[in-house]
Amino acid sequence: MNIELILIGKTDSKEVAALVELYVRRVNRYCRFAVTTLPDVRNTKSLSIKQQRTAEGEAILRQLSDGDYVTLLDERGTEYRSVEFALWLQKRLNSGVKRLVLVIGGPYGFSDEVYERADAKLSLSRMTFSHQIVRAIFAEQIYRAFTILNNEPYHHE
């Protein structure tokens, strides 16, 4: 299975980008893991929140193919402990899905069309994190899940 993490907008933090790259390299030991960063929507000051979500949604939907299992990081998604998330990931691996697409949207969430296309929603926490730091946190959790599934000593429980 291939895993793709789709992000809206570049990070302005070299440290966050370096952490994401570190975990991308680590996850690639287990499966193909790629990050696609979509450009920020331009002229957001002249757009309503709905228009911004729609523009971001169109960009996200252009990245998707039939057969992709699409999972959104969303505050209303299901929360898992790390071991539970690893089991969730294992189910996707076992299901025969060719590409698992994980999406971190923009600051205002997702358009209705993206929600309709999604197969699942995950939440990292009931707390709110910046869209910058969530990239590193989620990439680390994907790596942690693979170490759990492979009985490696990274995760302590």
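**Aromatic contacts and overall build of a predicted model**

Residues are numbered from 1 along each chain as its sequence is written, and side-chain values use heavy atoms, with hydrogens and water left out.

Let me turn to the overall build. The protein has five helices and five strands, where helices (H or I, at least four residues) and strands (E, at least two) are DSSP runs numbered from the N terminus. Going along the sequence, these elements follow the pattern β-α-β-α-β-α-β-α-β-α. The radius of gyration is 15 Å, close to the 15 Å that the globule rule gives for 157 residues, so the protein is as compact as a globular protein of that length; the radius is taken over C-alpha atoms, and the rule is 2.2 Å times the number of residues to the power 0.38. Along its principal axes, the C-alpha trace spans about 50 × 35 × 25 Å.

Of the 157 residues, 45% are buried. If we take the contacts with a separation of 6 or more, 85% of them are accounted for by residues 24 or more positions apart, a contact meaning heavy atoms within 4.5 Å. The accessible surface comes to about 9,000 Å², and 47% of that belongs to carbon and sulfur atoms; these areas come from the Shrake-Rupley method with a 1.4 Å probe, and for residues only the protein chains shown count as cover. As for charge, there are 22 positive and 20 negative side chains, and the centres of the two sets lie 3 Å apart. Lys and Arg count as positive and Asp and Glu as negative, without His or the chain ends, and each charge is placed at NZ of Lys, CZ of Arg, CG of Asp or CD of Glu.

Now back to the aromatic residues. The structure holds eight aromatic pairs. One of them joins Y30 and F146 in a stacked arrangement, at 5.2 Å centre to centre and with 10° between the planes. Y30 lies in the loop between helix 1 (14-27) and strand 2 (32-38), whereas F146 belongs to helix 5 (residues 131-149), so this pair ties together parts that are 116 residues apart in sequence. Y30 itself is partly exposed, at a relative accessible area of 24%.

F85 and W88 form a stacked aromatic pair as well, with 5.7 Å centre to centre and 15° between the planes. For both pairs the criterion is that rings of Phe, Tyr and Trp (its six-membered ring) pair if their centres lie within 6.5 Å, and planes under 30 degrees apart count as stacked, over 60 as edge-to-face and the rest as tilted. F85 and W88 both sit in helix 3 (residues 82-94), three residues apart, which is about one turn of the helix, and both are buried. Returning to Y30 and F146, these two form one aromatic cluster with Y23, Y143 and Y154.

What does A120 touch, leaving aside neighbours within four places in sequence? Its contacts are Y69, V70, T71, L72 and W88, and A120 is buried, with a relative accessible area of 15%.

R99, in strand 4 (residues 99-104), is likewise buried, at 17%. Not counting residues up to four places away, R99 touches M1, N2, E4, Q63, L64, S65, G67, D68 and Y69.

T11, in the loop between strand 1 (2-8) and helix 1, is partly exposed at 23%, and beyond four places in sequence its contacts are V16, A17, Q132 and R135. Finally, N151 lies in the segment after helix 5 and is exposed, with a relative accessible area of 71%. Its phi is near 50°, a positive value in a residue other than glycine. Most residues other than glycine have a negative phi.

Notes:
Predicted model: local features only at pLDDT ≥ 70, side-chain atom pairs only at ≥ 80, totals over all residues. Buried < 20%, exposed > 50% of the residue type's maximum accessible area, 1.4 Å probe, protein only.
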